[in-house]
Amino acid sequence: MSANNKSQKSEICKSAESILGSEVYAENVDFWNRAWGPVKTAYTQMPDLPYLTLMMSELASKAPASVLDLGCGSGWLSILLARNGFEVTGVDVAEQAINLANDWAKQESHTINFQVKDMAQLEFAPSTFEACVANSIFEHFPIELTRTIFKQLKTIMAPNGVFIGCFDQVGTGPGEYYKLEDETHVYTDKGRKGMLLRCYSDEELVQIMTDSGFKITHKETFESGTRYIVAIQKSAS
Ligand SMILES: C[S@@+](CC[C@H](N)C(=O)[O-])C[C@H]1O[C@@H](n2cnc3c(N)ncnc32)[C@H](O)[C@@H]1O
């Protein structure tokens, strides 16, 4: 990397706008489109994750009228939510992921509002959602964008709406990458070129949610290192 390039890269993390307008971010979006592009058939198996029962019973107890699934991929969590009777909107930046999600929903005759959308630039009306779920997705954002997303969630979620996030421990495996100033890894190896990955500490997650007006009501770490966090949107009244 040239010295000039290096200083440009160190500028990126300064604000959400500088990240969103950067080549690094555009290459990250390209990565996700390349990753999903060749997948032609929806993989319709549910993953065996230890927190799914907890998540469904938490949502059942709150009975939200509408649930947002952030970074829904090919839609397994949205489908699971629809099977449990929830009205769901799923967003993902990769068009082919959303095509696959729509195929799967159609196969099961669910009506799910899947949209190709960048979750760092959510444009929904205030209080649109009474719940939001996010599985293995925030690890792909620099910290300034995660802060921005939570601020947007505060607005688009209804007061007392419930957020349920599952945050993986990442970034310790092999690979070629360089790091942005906030420790986000930018992968350069062929298979993952452009992908962003950042490991969040528990303290960072708690701080971001609290600063954005969410009250954490449950936090648990599973054997895999995944943090399962439930937080309630507390509007200033
Ligand atoms: C690790 S996968 C997780 C997918 C799904 N939540 C799951 O649990 O299987 C990350 C997903 O986030 C999507 N994604 C990455 N950046 C995004 C962005 N800026 N906005 C919306 N979706 C994004 C990717 O296309 C991919 O489907």
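User: Is Asn160 buried, exposed or partly exposed?
Analyst: In this predicted model, Asn160 counts as partly exposed, because it has 13 C-beta neighbours inside 10 Å. A residue needs 20 or more to be buried, and 12 or fewer to be exposed.

User: Where does Asn160 lie?
Analyst: Asn160 is in strand β5, which covers residues 157–167. Its phi is positive, about 70 degrees, although Asn160 is not a glycine. For background, most residues other than glycine have a negative phi.

User: And what's the phi of Glu183?
Analyst: Glu183 has a phi near 80 degrees, again a positive value in a residue other than glycine. Glu183 belongs to the loop between β6 (177–179) and β7 (185–187). With 14 other C-beta atoms within 10 Å, Glu183 is partly exposed.

User: Which way do the residues of β2 point?
Analyst: Val88, Gly90 and Asp92 point one way, while Thr89 and Val91 point the other way. In a regular strand, side chains alternate between the two faces of the sheet.

User: Which strands does β2 pair with?
Analyst: Strand β1 (residues 67–70) is joined to β2 by four bridges, and the two run parallel. There, Val67 stands opposite Val88. Strand β3 (residues 113–116) also pairs with β2 in the parallel sense, over four bridges, and Thr89 has Asn113 as its bridge partner in β3.

User: What does the chain pass through from β2 to β3?
Analyst: The chain crosses through helix α6 (residues 95–107), and this β-α-β crossover is right-handed. β1, helix α5 (residues 76–83) and β2 make a right-handed β-α-β unit as well.

User: Now the ligand. Which residues come nearest?
Analyst: Trp32, Gly71, Gly73, Val93 and Asn135 come nearest, out of 17 residues around the ligand. By class, that shell has ten nonpolar, five polar and two charged residues.

User: Zooming out, how many helices and strands are in the chain?
Analyst: The chain has eight helices and ten strands. Its radius of gyration is 18 Å, close to the 18 Å the globule rule gives for 237 residues, so the chain is as compact as a globular protein of that length.

User: What share of the residues is buried?
Analyst: Of the 237 residues, 39% count as buried.

Terms used. Residues numbered from 1 in each chain as written. Near = placed C-beta within 6 Å. Nonpolar A, V, L, I, M, F, W, Y, C, P; charged D, E, K, R; others polar. Rg over C-alpha atoms; globule rule 2.2 N^0.38 Å. Pairing = 2+ DSSP bridges. Right-handed = clockwise from strand over helix to strand, strands pointing away.
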